[in-house]
Amino acid sequence: MSAIVHPAVPAADEFERHPPGLKVIFFTEMWERFSYYGMRALLVLYLVNALGYERKDALELYGIYTGLVYLTPLLGGYLADKYLGLRQGAVIGGLIMMVGHFAMAFEPLLHLALGLLILGNGFFKPNTSTMVGQLYREHDPRRDGGYTIFYMGINLGAFFSPLVAGTLGEKLGWHWGFASAGVGMAIGVFTLLRWQHLLGDAGLRAGQRAMDRRDWTRILAISAASVPFVYAAIALWGLVSAAVAPLPLVAKLALGFAVIGLALWLPNRFGGKDPNAKPLSRQDWDAIVAICITCFFVIFFWMGFEQAGGTMNLFADQQTDRHAFGFEIPASWFQSINPLVIVLLAPVFSAFWTKLDRSRFALPVTAKQALGMIVLGLGFIVLAIAQAQAQQTAKVGPQWLFIVYFLHTVGELMLSPVGLSMVSKLAPARFAGLLMGVWLLSSAVANYLSGTLEHMLQRFDIPLYWFLVGSSIGAGLVLLALTPMLKKLMHGRG
């Protein structure tokens, strides 16, 4: 039987307040993002400045780590859909990540820590995102606004984490920064468990009112098994990477999309555990196709956007004059610009989208995303000019990065919250967590490319940031052209 439950939500007019469970997920996700972005702000700087990694190797490890962080939600979403329930999956993921962040404080445990963070995120990320959608009834006009508010929680945690974890890591000691991320994750798990009664039935298995003793036994068992599982995965990683490394990029991408196809087809073909479950309808398959096409284009957005933790982080560290008022600004602080702008502008975008969607000028969701990609490309025009100036003068002023992060943030607000909402509205109920994992999978491919793209382009003497100008704006224009077709596939739900 499917683990996904869509609670009965009382009818309400369009001006009803958001459900109280949104606050619980808001603060849970805020603290989880505090931990993730604190670690993300430090990782490349730690590898280069503390462990002596070469730039290429540090960026590659960053790309592999952040890519796998977004790949494991496919597995975590599927297990939650079929067996665990979304809420139980989120608790398991939070506990595993908490241990991983504390393990990052110890240099010999680097690979174990990264493995635990990858695995834990797979359980946590798709399930909290999907639970937001379950708080609302079908066709609820508050849903897009709810996801934008949820996105504010993500970015509130992301704003404070570089200031706290980044400062502790760069100024006091790397282990202090990583440990502070573990504390943040612990607070997030506590928040979810302490106030989960406000979530109602959202995230529970069919017929449940609350998590029971068997659930807690399963939570503790899976959490404990995560450590030996990660060690086994590390042992196998060399074999897998050796087999995949010789393949050209096109073959790697084709293999990845084949895995996605199997993940979608096999559960529907062989994995139905509910004898009363109806087969997927034509509209359901159209929605799945629309989600997958959109996810392909979103890769081009995140491939550029995720330069923030890699090349842009190193640009702040090595090519930006960070002295002001007799104080050297930590390089990690620049990564707080993006979430700060989101916290300030998210309510504006939430109100704007709601008003626009109720008017005759409503934009399809893919048109909003296409415009976000174009705005991202404009930011890379600014960054490419800044890099050219830095190559002549050694360093440039911090205002360049402020402008770039502002433009990238506007693009993100056009693309990401409405994308999360789109998946929750379009996904067939029993595949809700899995398809949220597919949405996150686009970030997996993009994050891996973000860490390896600079080295690949160097072989052809192509400047990274000018390449990203073309890939971002080009993909946005193509997606804009495909919007009428995608709108038909969504059957009025996008």
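Select Lys 56 and Asp 57 to begin: the two form a salt bridge, with their closest N and O atoms 3.2 Å apart, where a salt bridge is a side-chain nitrogen of Lys or Arg within 4 Å of a carboxyl oxygen of Asp or Glu. Lys 56 counts as partly exposed because its relative accessibility is 37%, and Asp 57 is likewise partly exposed, at 31%; here buried means under 20% relative accessible area, exposed means over 50%, and partly exposed lies in between, with a 1.4 Å probe and protein chains only.

Before going further, note that this is a predicted model, in which local features need pLDDT of at least 70 and side-chain atom pairs count only at pLDDT 80 or more, while totals for chains, interfaces and linings use all residues. Residues are numbered from 1 along each chain as its sequence is written, and side-chain values use heavy atoms, leaving out hydrogens and water.

Next, select residues 55–71, which make up helix H2, with 17 residues and a reach of 24 Å from its first C-alpha to its last, close to the 24 Å expected at 1.5 Å a residue. Helices are DSSP runs of H or I with at least four residues, numbered from the N terminus, and the expected span is 1.5 Å times one less than the number of residues. Among the buried residues of H2 are Ala 58, Leu 59, Tyr 62, Tyr 65, Val 69 and Tyr 70.

Return to the charged pairs, of which the structure holds 13 as salt bridges. Select Asp 212 and Arg 214, whose side chains meet in a salt bridge at 3.8 Å, N to O; Asp 212 is partly exposed, with a relative accessible area of 26%, whereas Arg 214 is exposed, at 60%. Then move to Asp 317 and Arg 322, which form a salt bridge with the closest N and O atoms 3.5 Å apart, and both of these residues are buried.

For the aromatic residues, the structure holds 17 pairs; rings of Phe, Tyr and Trp (its six-membered ring) pair if their centres lie within 6.5 Å, and planes under 30 degrees apart count as stacked, over 60 as edge-to-face and the rest as tilted. Select Tyr 36 and Tyr 37, an edge-to-face pair with 5.1 Å centre to centre and 85 degrees between the planes, in which both residues are buried. Then select Tyr 46 and Trp 174, a tilted pair with 5.6 Å centre to centre and 55 degrees between the planes. Tyr 46 lies in helix H1 (residues 21–49) and Trp 174 in helix H7 (residues 174–194), so this pair ties together parts that are 128 residues apart in sequence.

Finally, select Cys 292 and Cys 295. With a disulfide taken as a pair of cysteine sulfur atoms within 2.5 Å, the count comes to zero. The sulfur of Cys 292 is 6.3 Å from the closest cysteine sulfur, that of Cys 295, which is too far for a bond. Cys 292 is partly exposed, at 26% relative accessibility, whereas Cys 295 is buried, with a relative accessible area of 4%.

Methods. Helices (H or I, at least four residues) and strands (E, at least two) are DSSP runs, numbered from the N terminus.
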